Amino acid sequence: MSEYTVSDYLLDVIKHLGEDEIFGVPGDYNLQFLDHITHRNDMQWIGNANELNASYVADGYAREKGMATFVTTFGVGELSGINGLSGSIAEHVPILEIVGAPTNKVQNNGALVHHTLGDHEFKRFEAAHEQLGIKVTRLNANNAINQINETLQYIYYTKKPAYMILPSDLVNMPVNPAIKANISELFVEHSFNVDHAVQKLSQAIEKAKQPVIVVGHEIDRFNLGQAVESFSLNNNLPVVDLGLGKGAIDETFANFVGTYNGSISDDAINNFVKSADSIILMGTKLTDSVTGGFTQQFDPSQTITISANGSDIYGETIIGETDFVSIINKLADTKLNHTWDKVETPKLSQKVSASDNALTQAFYNQAMQNFIQGNNTLVAEQGTSFFGLASQPLAKGANFIGQPLWGSIGYAFPAALGSQIANPNRRTVLSTGEGSLQLTIQEFGLAFREQIKPVIFIIENSGYTVERVIHGMNESYNDVPKLRYDLIPQAFGANDDEYDFINVNTEKELINAMDKANQEIDKLVVVQVNMGMKDAPEQLMKTAKLFEKQNQG
């Protein structure tokens, strides 16, 4: 591989965007491309147990680092990963999937090769991705470099996923190595004149008597948290975030009120939003899981919306340039012609007093809130973990990863590993249920092979609690097998000195386990947290009733 090839150029662009690792699963249509990864000294190939896990790992990596890439093979591989990639499009996560495909000759001849449906058709899977709203690129020999540039620019500027088909006969196609010198010119910050939009927005906000900013996930994806904080502080504007967007801003900054979840929020937080006459939505999606089942106390006639899809004021679209990043950054330096009172944020109880009582969800969530520090990324599986922990305030500097919109069971464990790989200097803390973990448990092999050392809390409460509280509390379909988590590390290749397993049943045992985990930074720590089958966080119980009603029509 002495010649400079299309594959080398593609990897150079990916490396320029900050990626040091690429994930995925080998298959005969992508093996030649994988050679170009493993033969580099500035990039690491990290293989996964399956393509679905690879897509989850990449999603967690991208949320921590800004972008991720995973590689699959044609047909069977990409269809395995399509669920995870769909979650990335739903929640606006910048991912590139590279699909190794049969040669152009094979495809043009409609040959009945493996990993196809045996119908001479090679574009069905591509069409499936297009239907999901994912950008699709099929590289061709005449325009491959331009296609690579355009696809990676799309990911960089929109923070959305893309899907790239790489026929195996193009993998080693030579290109001029001089084109490497132009890569940096592809990714520059664009300057947009958004004065008109900012003027309109400012005038509308100035008329409000009691405005509140609601922050969503797009603020995180575009790294605009500090800009929102500056706008808030310059104008005494209170700020809440949604569970889909938690961690986008510093939850210890002076004007932060709390995490809002519709009418089921904490009363002190709910009252801020309920009493507001103008709601400024910044980068949000008002989904059922983060609005208490659509119980938010405002409607479009009260909302000013600023998002990646455009901006509007009380339902009227702003005409002209409305680049999301430019508007938020311009607002950061804006001092409005209005003086609001200093924000008096509610003081929420954060005290934890441990006893010998059996563990409950309520105690666990408070203890986790105290456990998470500024050098941690907390990953919460959708279910009891997310609904219990999303409402807890984060320490300054802490990150939060959840998937409340797509809500794919099993996502959190591989996403936590991806997050840990993306930033070894932070320690990832995962909270997941035993039901979710069983779907993606194979990635314990990756964890020990790559010697990554997160802290993993496994809630053992006899099944799918989130489903039980929605419907079928005592039904067998919500049961899951009871696993021996103490044996799992060794089964996946760990030596005794590489991990610690702690089984806890009481409040004091949990606190002691957390203290021990903080001391054992050189080990992967697994804590089995045993709780009652019918115990669930209060917000989950309230949301479950709304979900069941919604499901009944």
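Strands, like helices, are DSSP runs numbered from the N terminus, a strand (E) having at least two residues. The legends below describe close-up views of a predicted model.

Figure 1. D312 belongs to strand β12, which spans residues 310–313. Leaving aside residues up to four places away in sequence, D312 touches T303, I304, T305, T317 and I318. A141 stands 171 residues from D312 along the chain, and the C-alpha atoms of the two are separated by 43 Å.

**Figure 2. The open sheet that contains strands β1 to β6.** This sheet is open and has 6 strands in the order β2-β1-β3-β4-β6-β5, with parallel pairing. Its edge strands, each pairing on one side only, are β2 (44–47) and β5 (135–138). From one strand to the next the twist averages 25°. Within the sheet, strand β1 (residues 21–24) and strand β3 (residues 68–73) run parallel and are joined by 2 bridges. F23 has F70 of β3 as its bridge partner. Helix α4 (residues 76–90) lies across β3, β4 (95–101) and β6 (162–167). The direction of α4 is at about 155° to β3.

**Figure 3. Packing of helix α3 against helix α4.** The crossing of α3 past α4 is right-handed. On the α3 side the contact is made by E51, L52, S55, Y56 and D59, which meet G77, S80, G81, N83, G84, L85, G87 and S88 in α4. Sorted by class, the residues of this contact comprise 3 nonpolar, 8 polar and 2 charged.

**Figure 4. The open sheet that contains strands β14 to β19.** Here 6 strands form an open sheet in the order β15-β14-β16-β17-β19-β18, and the pairing is parallel. Strands β15 (399–401) and β18 are the edges, each pairing on one side only. The twist in this sheet averages 15° from one strand to the next. Helix α15 (residues 412–422) packs on the sheet and touches β14 (376–380), β15, β16 and β17. The direction of α15 makes about 180° with that of β16. Strand β16 (residues 427–433) pairs in the parallel sense with strand β17 (residues 455–460) over 5 bridges. In this pair, L430 has I456 of β17 as its bridge partner.

Figure 5. Strand β18 (residues 499–504) and strand β19 (residues 524–530) run parallel, joined by 6 bridges. The bridge partner of I502 in β19 is V527. Helix α20 lies across β16, β17, β18 and β19, and runs at about 170° to β18.

**Figure 6. Packing of helix α13 against helix α20.** Helix α20 (residues 507–519) also meets helix α13 (residues 361–371), the axes coming within 11 Å and crossing at roughly 25°. That angle makes α13 roughly parallel to α20. The two helices cross in a right-handed sense. The contact joins F363, Y364, A367, M368 and F371 in α13 to E507, L510, I511, M514, A517 and N518 in α20. Its residues divide into 9 nonpolar, 1 polar and 1 charged.

**Figure 7. Packing of helix α8 against helix α12.** Helix α8 (residues 195–206) packs with helix α12 (residues 324–332) at an angle of about 55°, and their axes are 10 Å apart. Helices α8 and α12 are therefore oblique to each other. The passage of α8 across α12 is a right-handed crossing. Residues D195, A197, V198, L201 and S202 in α8 meet I327, K330 and L331 in α12. By class, the residues of this contact are 5 nonpolar, 1 polar and 2 charged.

Note on methods
Residues are numbered from 1 along each chain as its sequence is written. This is a predicted model: local features need pLDDT of at least 70, side-chain atom pairs count only at pLDDT 80 or more; totals for chains, interfaces and linings use all residues. Side-chain values use heavy atoms; hydrogens and water are left out. Axes are lines fitted to C-alpha atoms, for helices over the stretch in contact, and angles run from 0 to 180 degrees between N-to-C directions. Helices (H or I, at least four residues) and strands (E, at least two) are DSSP runs, numbered from the N terminus. Angles under 35 degrees count as roughly parallel, over 145 as roughly antiparallel, 65 to 115 as roughly perpendicular and the rest as oblique. A crossing is left-handed if the near helix is turned anticlockwise from the far one by less than a right angle, and right-handed if clockwise. Contact means heavy atoms within 4.5 Å. Ala, Val, Leu, Ile, Met, Phe, Trp, Tyr, Cys and Pro count as nonpolar, Asp, Glu, Lys and Arg as charged, and the others, Gly among them, as polar. Two strands pair if DSSP finds at least two bridges between them.
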